[in-house]
Amino acid sequence: MPALEAKRTLVKSPPEIWAEVSDAGALARHLGEFGEIRITRTQPESVVEWEGDLASGCVRLEPSGWGTKVTLTAEAVGPPEPEPEPEAEAVPEPEPEPEAPPKLSWWSRFRRRQEPVVEAAPPPPPAPPAPPPAPVLDGERAQATLTAVLDTLGAAHHRPFSRP
């Protein structure tokens, strides 16, 4: 998936937006679609770099006329390295076949046919459960998430001049 980008000029001051995107918990609420979010690097009031389970990206803030230009980028993280499979247990060598039994009389062979022969083999061990499939980042959904973050950041969190 190519790198995704969403840009918008929001009518808010850079410190106001910085307070929201530089807080790991707040950023995780906005970018929850990308998995568990960790902030990896910041430049005060201008850049926040983050990593998630499915993507990594950056939030850039620039003063712009009546507000702040916000640029969000996201790029899919490569698939996780497969875990090495455990080594197969050594298969024991088959035991040599026993020598032929001594010849039995007719009566002994007849009685032996009537006795039920029960051969109980131990059941095979259950197969380990298959690991769940790795989540995949959908490009359209990721772009919609970035746009939704800009919508949320640009929305007023209070209603000025409203009466109760």
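Welcome to this protein, whose largest nonpolar core brings together 23 residues. Within that core, the members touching the most others are Val-21, Leu-27, Leu-31, Phe-34, Trp-50, Val-59 and Leu-146. Please keep in mind that the model is predicted.

**What builds the core**
- Two or more core residues come from each of these strands: E1 (4-10), E3 (47-51), E4 (55-64) and E5 (67-76).
- Helices H1 (14-21) and H4 (139-154) also give two or more residues each.
- Helix H4 supplies the largest share of the core, with 5 residues.

**An aromatic pair**
- The structure has 1 aromatic pair.
- Its partners are Phe-34 and Trp-50, whose ring centres lie 5.4 Å apart; their planes meet at 35°, so the pair counts as tilted.
- Phe-34 sits in the loop between helix H2 (24-30) and strand E2 (38-43), while Trp-50 belongs to strand E3.
- Phe-34 and Trp-50 are both buried, and both are among the core members that touch the most others.

**The overall fold**
- The protein contains 4 helices and 5 strands.
- Along the sequence, these elements follow the pattern β-α-α-β-β-β-β-α-α.
- Looking at contacts between residues at least 6 apart in sequence, 53% join residues at least 24 apart.

**Inside and surface**
- The protein has 164 residues, and 23% of them count as buried.

Conventions: Residues numbered from 1 in each chain as written. Predicted model: local features only at pLDDT ≥ 70, side-chain atom pairs only at ≥ 80, totals over all residues. Heavy atoms only, no water. Core = buried A, V, L, I, M, F, W, Y, C linked by side-chain atoms within 4.5 Å. Buried < 20%, exposed > 50% of the residue type's maximum accessible area, 1.4 Å probe, protein only. Phe/Tyr/Trp six-rings, centres within 6.5 Å; stacked < 30°, edge-to-face > 60°. Contact = heavy atoms within 4.5 Å.
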